[in-house]
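Subject: Structure handover

Hello,

Here is the structure I promised to pass on. Please open it first, then read the notes below.

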Amino acid sequence: MSWYRKAEGELTEAATAVQSQRPLCIDRIRALVRGLVSALRHDDELVVEALSGPSGSPLITNLINVGILGTKVGIGLGYYGEELDRLALGGLVHDIGLFAVPKS
């Protein structure tokens, strides 16, 4: 399974937890962060995927794409270690609170 598809699943679960007012499993999201940083240090495949407009829930794909592109910019700016991990985490969950807003 690709990192992108795994991220869709994990962030969909996180969004469902927010909607249901249950706690998030931050350890699973941190695992996504480690995978994201590692993948982007290796190549730009995730950047290409983010820019290709992948199908799926627009809110979820936006979270993922901001995480990818923000992390890539951070790498370009010389961020590393915990600083880069926090940037990646912030990108992946920056709008997660939108799922708490009632659809009505």
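Start with Arg 5, which is partly exposed at 36% relative accessibility. Keep in mind that this is a predicted model.

**Salt bridges**

There are five salt bridges in the structure. Three of them are described here, including two made by Arg 5.

The side chain of Arg 5 pairs with that of Glu 49, at 3.9 Å from N to O. The distance of 3.9 Å still counts because the cut-off is 4 Å. Glu 49 is buried, at 18% relative accessibility.

Arg 5 also meets Glu 8, at 2.5 Å from N to O. This pair stays within helix α1: the two are three residues apart, so about one helical turn lies between them. Glu 8 is buried too, with a relative accessible area of 15%.

Arg 28 is partly exposed at 36% relative accessibility. Glu 13 is partly exposed as well, at 43%.

What do shared partners do for Arg 5, Glu 8 and Glu 49? Their salt bridges join the three residues into one network.

**A backbone point**

Look at Gln 21 next. Its phi is near 60 degrees, a positive value in a residue that is not glycine. Gln 21 lies in the loop between α1 (3-19) and α2 (26-42). Is Gln 21 buried or exposed? With a relative accessible area of 74%, Gln 21 is exposed.

**A nonpolar patch**

Which residues form a nonpolar patch on the surface? They are Leu 59, Leu 98 and Val 101, and together they have about 250 Å² of accessible area. Val 101 belongs to the segment after α5 (81-93). Val 101 has a relative accessible area of 52%. That makes Val 101 exposed, because the class begins over 50%.

Best regards

Note on methods: Residues are numbered from 1 along each chain as its sequence is written. This is a predicted model: local features need pLDDT of at least 70, side-chain atom pairs count only at pLDDT 80 or more; totals for chains, interfaces and linings use all residues. Side-chain values use heavy atoms; hydrogens and water are left out. Patches are made of residues with over 30% relative accessible area and no salt bridge: like charges are joined within 9 Å, nonpolar side chains (Val, Leu, Ile, Met, Phe, Trp, Tyr) within 5 Å. Accessible areas come from the Shrake-Rupley method with a 1.4 Å probe; for residues, only the protein chains shown count as cover. Helices (H or I, at least four residues) and strands (E, at least two) are DSSP runs, numbered from the N terminus. Buried means under 20% relative accessible area, exposed over 50%, partly exposed in between (1.4 Å probe, protein chains only).
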